[in-house]
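Look at the structure below and follow the chain from its overall build to single residues.

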Amino acid sequence: MTGFAGFALRRAVGAVITLLAISVIVYVVFYVTPGNVAQITCGPRCSPEQVHQVSQQLRLDDPLYLRYWHFLAGVLVGQDFSTGTSVAHCSAPCLGLSYQSDQQVTRIILTKLPVSLSLVIGAMVLWLVLGVGTGILSAWRRGRFTERALTGLTLAGMSTPVFVIGLVLMIVVCGQLELLPFPEYVPFSDDPEQWAWNLLLPWLTLALAEAAYFARMTRASMLETLAEDHIRTFRAYGVGERSIVGRHALRGALAPIIALNANDVGSAVGGAVLIETLFGLPGIGQELVHAVTAVDLPVVVGMVLVIGFFVVLANAVADVLYAVADRRVVLT
């Protein structure tokens, strides 16, 4: 296949290969470790009988390639688990059973994932609006007081830890001014208005931390694009400065913005641990901390694989968006 369809197909195949490579690395790191893997997987409170049962479920007596194959087959087609007196089926994608709660890891993740996605998607909209808008204005007003003021704010945002931003906003906005309630997650299906109202402060916290990077990236890309020959040609033909900045220069500067956004969205799904912990949001980040603390290895492995999936997916989508946003991209 040639053209855009072939380009998109090659990126999809590359994403699948990358996901397989991630699954191999994750399996080797977590399940091919020194010591008693069954004991580590089951947790410190497991009895010898439970450890033996986990050892059988993980097929630790089989060769390594067979163990990984059964692990991968479980993800793709599901698998059965012995619970002692009966056999429980785990439907695909099966990431195992939690040895702390006896729940399927996939079910745990699906319960926590909407919280993390709600946080990341809402914050993404805000950081793109704030960051890209600030970067465009800073490049447009280059050399003036506006640029210097925005550059100072950007540097302050980049140097301030996200938990400090969250604490200050919570103390001022929720405590002193009482403009917003202290965040408490409400499912979107229950009450969309309360869902957004309670997530507004976490969105602002994450967005303010990320917008500073987008502002600097946008400003640098805009200044580079505004110095190119075709922009000078537009000016020579009398095209208005607003049209040049908004229609022509911005499109040429989108590629690095898309790349940065892809990396931030993918990593923020699992990396918003501080935000979820600070505001008490029951998302993937907070669940990952609990699983690590409880040494619940199947949950940790499942969370890492899901986070890796979102990172790969975000970058694959970004590759496709390059071709849509910038016609200079070679479709290889």
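A residue is called buried when its relative accessible area is under 20%, exposed when it is over 50%, and partly exposed in between (1.4 Å probe, protein chains only). Buried residues make up 42% of the 332 residues in this chain. The model is predicted: local features need pLDDT of at least 70, and side-chain atom pairs count only at pLDDT 80 or more, while totals for chains, interfaces and linings use all residues. Residues are numbered from 1 along each chain as its sequence is written, and side-chain values use heavy atoms, with hydrogens and water left out.

The chain has 14 helices and two strands. Taken along the principal axes, the C-alpha atoms fill a box of roughly 80 × 60 × 40 Å. Two residues are in contact when they have heavy atoms within 4.5 Å. Of the contacts with a separation of 6 or more, 64% are between residues 24 or more positions apart.

Next comes the interior. In soluble globular proteins, nonpolar side chains tend to be buried together. A nonpolar core is a set of buried Ala, Val, Leu, Ile, Met, Phe, Trp, Tyr and Cys residues joined through side-chain atoms within 4.5 Å. The largest such core here has 72 residues, and Trp127, Leu201 and Met222 have the most contacts inside it. Is serine 116 buried or exposed? Serine 116 counts as buried because its relative accessible area is 1%. Its side chain reaches the backbone nitrogen of isoleucine 284 at 2.8 Å, a polar contact (a pair of N or O atoms within 3.5 Å; within protein, one must be able to donate a hydrogen and the other to accept it, and residues adjacent in sequence count only if both atoms are side-chain atoms). Not counting residues up to four places away in sequence, serine 116 touches Val269, Glu276, Gly283, Ile284 and Gly285. Glycine 133 also lies in helix H5, but glycine 133 is partly exposed, with a relative accessible area of 35%.

Threonine 154 sits in helix H6 (residues 145–159). Threonine 154 counts as buried because its relative accessibility is 9%. The side chain of threonine 154 reaches the backbone oxygen of leucine 150 at 2.8 Å.

The structure holds one salt bridge, meaning a side-chain nitrogen of Lys or Arg within 4 Å of a carboxyl oxygen of Asp or Glu. The side chains of lysine 112 and glutamate 287 form this bridge, at 3.9 Å from N to O. Glutamate 287 counts as buried, because its relative accessibility is 16%.

The surface comes last. Accessible areas come from the Shrake-Rupley method with a 1.4 Å probe; for residues, only the protein chains shown count as cover. The chain exposes about 17,500 Å², of which carbon and sulfur atoms supply 65%. Patches are made of residues with over 30% relative accessible area and no salt bridge; like charges are joined within 9 Å, and nonpolar side chains (Val, Leu, Ile, Met, Phe, Trp, Tyr) within 5 Å. One nonpolar patch has about 760 Å² of accessible area together, and its residues include Phe163, Leu177 and Leu274. Helix H7 (residues 162–176) gives the most to this patch, with six residues. Leucine 177 is in the loop between H7 and helix H8 (192–226).

Technical notes:
Helices (H or I, at least four residues) and strands (E, at least two) are DSSP runs, numbered from the N terminus.
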